[in-house]
Amino acid sequence: MKVGKQTYLLDNKVYIQSAYSLAGPYESKGNFRDYFDCVMEDDEWKCKSHEMAEIEMQRFVIGECLAKVNVSPLDCGAIMGGDLINQIVPTSFSARDFHTPFMGLYNACATFGEALSIGSTLVNGDFDKIICCTSSHYATAERQYRYPLELGTQPTPESQWTVTGSGAVLLSKKPGEYPLVKGYTIGRVLDFGLTDPNNMGGAMAPAAANTIITHFKDTGRSPDYYDLIITGDLGRFGRETLHYLCKKEGYVLDNLNDCGSMMYCDKQKAGQGGSGAGCCSLVFASYLYRRLVEKSLKKVLFVPTGAMLSKDSALQGESIPGIAHAVIIEREDFY
Amino acid sequence: MEMFLGYVKAFAIGGLVCMIAQILINKTKMTSARILVMFLLLGVFLELVGVFKYIENFAGAGITIPITGFGSTIVKGAKEGAKIGLFEAVTYGFRNMAGGLTAAIFFGFFFALIFRSHSKKA
Amino acid sequence: MEDKQYMEYVHANAQKSNHIVTLVWAFLVGGIICCIGQGFGDLFKFALPDWEKSKIAALVSMTMIFLGSFLTGLGVYDKLGAKAGGGSIVPITGFANSVVSPAMEFNKEGIVLGMMAKMFVVAGPIIVAGTVSSVVSGLIYWIIGLFN
């Protein structure tokens, strides 16, 4: 059901039946260390390259996510997901091990939001089960967007640390005591002309602000309707900027937080916090999912954010547009 | 004592050159390749205008170990070759680069065969 | 909010580098690397008294390049670079680092098309700039020589 300009509320119930998270070695020492389902001791994971490790990570996460609730991959309508690497190789290659239809998505770090939106719409329609999965890996992202790993460059203070990790969720029609996807607001690509590829929080904050404000306007809700508004990977600076931008428009987000800036603890020198397509899916599948299951959170607005850039676009002098999708996750009380 | 003073000078000037690079990095967010090219060209320029040898006499390794030294040896080679003829003028600069380049390429090849790159653990 | 206003806000509020700390690191590390180079220079002058000065200088840079490559291979140089910034980029060891690090990074794509082909993705500009300036300066000296 369309509400307002960009928001869609789902008529049927779409349950998040299962979630599984796999965290890299550095993430497993961060703030969410007690929430992860599985932890990698080293980020090569006995694979020949970091790219292959990322394929293996996604394959593992999808398999375990299904095994947790005894669902066969053959019963799933589709695997949806993406990552940051060229031609979304890790996700596509991990899907070749399952006899399940596959749809590859790309929205930079907001891919998980896109996957949840499309997946929940399909489950709201005729599909029975959909797996949404994204991943990112520090070493592969470094090679994709920045420099060789061993090059002695100095990280700028605005920069973020790409999260090594992957998270998968299973969206399903099967009723149970699970959190629900209630709806979503699809974001627009917004460009405020920022050109510094290190400061992605600043580039994404306007898009996140636009999506969140549009969401409130469309639904007529106020920020305190939600227990938590959590963005994807804005980092500390991006979170402050988002708060400032929303305040200017008259929305005070006191319950705002950010997956990326919560990821690492202070003594881990990770700049502004975590980033990457796996950042929000990892936090969602571990910390958020657990708190939703425990009912310590009941209404969450989950806003993965993405910065659209490539190595070449930055060199050609293009600015960095951002995107954000807001997904409404709720618990129902009457179980 | 004189030798010790040489080290102090090399330390001070070398540190200063690197500090200028760091200021550029902080202010302009230049990447390492650009910094290296800039300082190479700075060395070429200093040698061309004839200032480099005075700095070298003062600071020794403080100016020759930074990539500026690489730039200056190139120009020195070109200057030497120009005395002989046109062909030598355009090729002797590269001849002076040969030592450093050979070392970089050979060791690059050699170490890349042995070692693998690893993720940073900050 | 306008684009321009927003850019100003970001420039004013984004976290800045801690200048003093980074400068001190760059100064110290750069100075130490130059002193090591000076040390090798003195050593070679002592050990090889009949070598000419330019050959000694080339030998010193080759030794420093070896050291830079070796430390890169061990995975030490990138950690040093994260602290020292310009202090480890500008010395000739930083040039070695920028050759070896892509070679190590891309050897997973094979020796020929990976390592050899991509060895110069970072250091290529330096070699091009060096070669071009060598030809240009050679021509300048040659033309000057014509008039003398």
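**Exercise 1. Find the residues that A:Y251 touches beyond its neighbours within four places in sequence, and place A:Y251 in the chain.**

Solution. Start with contact, meaning heavy atoms within 4.5 Å. Leaving aside neighbours within four places in sequence, A:Y251 is in contact with A:I213, A:F216, A:K217, A:P223 and A:C246. Next, locate the residue: A:Y251 sits in the loop between α6 (235–248) and β11 (256–258) of chain A. Here helices (H or I, at least four residues) and strands (E, at least two) are DSSP runs, numbered from the N terminus. Finally, take a C-alpha to C-alpha distance: A:D224 is 27 residues away in sequence and 9.9 Å away in space from A:Y251.

A word on the model before going on. This is a predicted model, in which local features need pLDDT of at least 70 and side-chain atom pairs count only at pLDDT 80 or more, while totals for chains, interfaces and linings use all residues. Residues are numbered from 1 along each chain as its sequence is written, chains are lettered from A and ligands numbered from 1 in the order in which they are written, and side-chain values use heavy atoms, with hydrogens and water left out.

**Exercise 2. Describe the interface of chain A and chain B.**

Solution. First count: 19 residues of chain A are in contact with ten residues of chain B. Now turn to buried area, the accessible area (1.4 Å probe) that two parts lose on being put together, summed over both. The two chains bury about 1300 Å² between them, with 45% of it on carbon and sulfur atoms. On the chain A side, A:L149, A:E150 and A:Q154 lose the most area to chain B, together 29% of what that side buries. Last, look for salt bridges (a side-chain nitrogen of Lys or Arg within 4 Å of a carboxyl oxygen of Asp or Glu). The rule finds two across this interface. B:K29 forms a salt bridge with A:E158, and their closest N and O atoms are 3.3 Å apart.
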